[in-house]
Amino acid sequence: MMGCHDIRQLLPARLEELTPLEARARALHVAGCARCAAEAASYSRLVQTLATMANLEATPPDGTVERILVAIGRRRVRATDPRVMVAAGAGGALVATVMVARALRQRRRVPAAAAPGRARAALPSVVSAGQTAVLARLK
Amino acid sequence: MEVDRELVEAAQAGDRWALEELVRRTHRSVYTCALRLVGNPDDAADVTQDVYLRVVRKLGGFRHEASFATWLNRVTTNVAMSSLKRRTRRIAVEGAMVPLETRDPAPDPSERAEAVLLARRLEKLVAGLPEGQRQVLVLRDVYGQSTDEVATAMGLTPGAVKVRLFRARERLKAELGATEGGPCQGQVVNLAGRRRASGRRS
């Protein structure tokens, strides 16, 4: 039978962390040694309390969620979701069209005699046929 | 960490709102786990962000064989360990932990105060362990990973994990006893007993 010195090295272990032989030796010793039994119980309670720490949470720095969401959004747009890329591209084109239309309206408010043909000249050369049609509807 | 399966499935199906809600519900747990493993708030915040980048990539492959919380904990462990391997400069852990709050506070204010007090003292003692001991203890005893899982995550043999684990528990028990001026049974016994009695999940 193993003595206290040998058994003490096994006391910090949970049962499943011991070999069957070690587990049996520890159980036999602890059954007859009050001091080692108290030590074993103390370790058991320590482990139980450590497990409760999983229910505790630290406070992350301010803005952590926002940074994560931005990072996820960038990743999805770049690589994982083609629909998001299409949506982002379409959205950008729509914004550009509206901005051009507003610029066009502002130009048209200028008296024609003061700036003849200026509104048409202000249109960017990259405006597509489709966007021109949208512009025509906005006029 | 409570996460509905429906929410996870919606996020897997591409629902962006569900994914954002998943982040909002879980980021504190992820940050806390990262903080316990890497030992300082700045690195923990970086790890937390990297965890969700990996989650977005891997979520489609999650088959609900384990709980989402368990899966997320494994992802966090892997990202944190990768981060530590890349890190060349070690930052002192002492004093780096931030105060913890109870997510599931006890209903009785005095019991809650006791739980918070004990948790803060334990967190400080755990944070003061040597890095290798702290990591195996956190993964095994706080998050319930198996010895083999911890060994795989840390690139150690199961035997080496057990050696670190036993030393960490020995040291923690001795220090916990020392801070209380006697054996460590006192409040540890009470808290564990109350948790069991009230049926709370540990």
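1. Conventions. Residues are numbered from 1 along each chain as its sequence is written, while chains are lettered from A and ligands numbered from 1 in the order in which they are written. In this predicted model, local features need pLDDT of at least 70 and side-chain atom pairs count only at pLDDT 80 or more, whereas totals for chains, interfaces and linings use all residues.

2. Overall confidence. The predictor assigns the complex an ipTM of 0.76 and a pTM of 0.69. For single residues the score is pLDDT, the predictor's confidence in each residue, from 0 to 100. Chain A has a mean pLDDT of 68, with 52% of its residues at 70 or more. For chain B the mean is 81, and 74% of the residues reach 70 or more.

3. Within chain A, confidence is highest in helix 2 (residues 20-32), at a mean of 95, and lowest in helix 6 (residues 118-122), at 35. The pLDDT stays under 50 over residues 75-92 of chain A, a stretch with eleven contacts beyond four places in sequence. Two residues are in contact if their C-beta atoms, placed from the backbone, lie within 7 Å. The pLDDT is also below 50 over residues 109-139 of chain A, for which the model has 21 contacts beyond near neighbours in sequence. Where pLDDT is low, the predicted coordinates should not be read in detail.

4. Residues 92-96 of chain B have pLDDT under 50 and nine contacts beyond four places in sequence. Residues 181-202 of chain B likewise stay under 50, and the model gives this stretch 33 such contacts beyond four places in sequence.

5. Make-up of chain A. Chain A contains seven helices and one strand, in the order α-α-α-β-α-α-α-α along the sequence. Helices (H or I, at least four residues) and strands (E, at least two) are DSSP runs, numbered from the N terminus. Of the 139 residues of chain A, 18% are buried. A residue is buried if 20 or more other C-beta atoms lie within 10 Å of its own, exposed if 12 or fewer, and partly exposed in between, with C-beta atoms placed from the backbone. Among contacts in chain A with a separation of 6 or more, 47% join residues 24 or more positions apart.

6. Make-up of chain B. Nine helices and one strand are found in chain B, and from the N terminus the pattern reads α-α-α-α-β-α-α-α-α-α. Buried residues are 38% of the 202 residues in chain B. Of the contacts in chain B between residues at least 6 apart in sequence, 58% link residues at least 24 apart.

7. Helices 2 and 3 of chain B. How do helix 2 and helix 3 of chain B pack, and at what angle? The axes of helix 2 (residues 16-38) and helix 3 of chain B lie 8 Å apart, at an angle of about 135 degrees. Axes are lines fitted to C-alpha atoms, for helices over the stretch in contact, and angles run from 0 to 180 degrees between N-to-C directions. The two helices are therefore oblique to each other; angles under 35 degrees count as roughly parallel, over 145 as roughly antiparallel, 65 to 115 as roughly perpendicular and the rest as oblique. Their crossing is right-handed. Residues making the contact include Val23(B), His27(B) and Tyr31(B) of helix 2 and Pro41(B), Asp43(B) and Tyr52(B) of helix 3.

8. Helices 3 and 4 of chain B. Helix 3 (residues 41-58) and helix 4 (residues 68-86) of chain B have axes that come within 9 Å and cross at roughly 125 degrees. That makes helix 3 of chain B oblique to helix 4 of chain B. Among the residues in this contact are Asp46(B) and Arg54(B) of helix 3 and Val75(B) and Ser83(B) of helix 4.

9. Two loop residues of chain B. His64(B) lies in the loop between helix 3 and helix 4 of chain B and counts as exposed, with 11 C-beta neighbours inside 10 Å. Its phi is near 65 degrees, a positive value in a residue other than glycine. Most residues other than glycine have a negative phi. Gly128(B) is in the loop between helix 5 (109-127) and helix 6 (131-142) of chain B, and is partly exposed, with 15 other C-beta atoms within 10 Å.

Key: Left-handed = near helix turned anticlockwise from the far one by under 90°.
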